[in-house]
Amino acid sequence: MTPADEAAAKEKARKVKPVLEKLREQGRISPEDVRPALASLGFRAADLRVQDPWSTWKVDHAEKVPGSAYGIWVGRTACISGTVTGDGVWTEVTGPYPETACIAPPVAH
């Protein structure tokens with residue numbers, strides 16, 4: 001990740017977490033809730049991916065888990081990655097993952 005992209009991603013991540021925490025407090029944690037909230041912060045649709053989170057224990061990942069996993073491209077080399085669940089909001093600035101771009105890969109990858 002370039003220093004410029006990392007700095008930009010960290011600045012944007014500080015805006016993401018409070019918006020997602022507010023949704024979590026309202027019980028609105030599905031991708032259908034999270035995607036528009038992130039888009040309202042000015043992220044382009046092409047840079048934004050929101051999906052059901054990976055199952056923590058099932059290898060086939062067929063189990064539906066409540067919440068959302070999200071990944072946002074920032075610049076060409078940085079990502080804001082995280083999850084929104086009933087238990088909390090996780091937000092991290094990373095480089096892209098080879099297998100899944102800005103979405104953190106499954107636990108057992």
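Among contacts in the protein (heavy atoms within 4.5 Å) between residues at least 6 apart in sequence, 47% join residues at least 24 apart. Keep in mind that this is a predicted model, where local features need pLDDT of at least 70, side-chain atom pairs count only at pLDDT 80 or more, and totals for chains, interfaces and linings use all residues. Residues are numbered from 1 along each chain as its sequence is written, and side-chain values use heavy atoms, with hydrogens and water left out.

**Overall layout**

Two helices and four strands make up the list of elements, and from the N terminus on they run α-α-β-β-β-β. Helices (H or I, at least four residues) and strands (E, at least two) are DSSP runs, numbered from the N terminus. Of the 109 residues, 37% count as buried; buried means under 20% relative accessible area, exposed over 50%, and partly exposed in between (1.4 Å probe, protein chains only). The protein exposes about 6300 Å², with carbon and sulfur atoms supplying 55% of it. Those areas come from the Shrake-Rupley method with a 1.4 Å probe, and for residues only the protein chains shown count as cover.

**Strand 3 and its partners**

Let's look at strand 3, residues 78-85. Six of its eight residues are buried, so it is mostly covered. Strand 3 pairs with strand 2 in the antiparallel sense over seven bridges, and seven bridges also join strand 3 to strand 4 (residues 88-94), again antiparallel. Two strands pair if DSSP finds at least two bridges between them.

Both pairs are hairpins: strands 2 and 3 have three residues between them, while strands 3 and 4 have two. In the turn between strands 2 and 3, Gly75 has a positive phi of about 65°. Here is who faces whom:

| Residue | Stands opposite |
|---|---|
| Ala69 | Thr83 in strand 3 |
| Thr83 | Trp90 in strand 4 |
| Cys79 | Thr94 in strand 4 |

Rolling a probe the size of a water molecule over the atoms shows where empty space is left. The second largest pocket has a volume of about 160 Å³. Helix 1 (3-25) and strand 2 (68-74) are the elements that give two or more residues to its lining. Lining this pocket are Lys12, Lys15, Leu41, Gly42, Phe43, Arg44, Asp47, Trp73, Val74 and Gly75. By type they divide into four nonpolar, two polar and four charged. Ala, Val, Leu, Ile, Met, Phe, Trp, Tyr, Cys and Pro count as nonpolar, Asp, Glu, Lys and Arg as charged, and the others, Gly among them, as polar.

**Two more residues**

Glu11 is found in helix 1 and counts as partly exposed at 43% relative accessibility. Glu11 and Val93 are 82 residues apart in sequence, yet 9.8 Å apart in space, C-alpha to C-alpha.

Ala101 sits in the segment after strand 4. Its phi is near 60°, a positive value in a residue other than glycine. Ala101 is partly exposed, with a relative accessible area of 28%.

Methods:
1 Å grid on protein atoms, 1.4 Å probe; cavity = no way out; pocket = protein on both sides within 12 Å on 5 of 7 lines; lining within 4 Å. Points joined across faces, edges and corners; volume = space filled by probe spheres on them.
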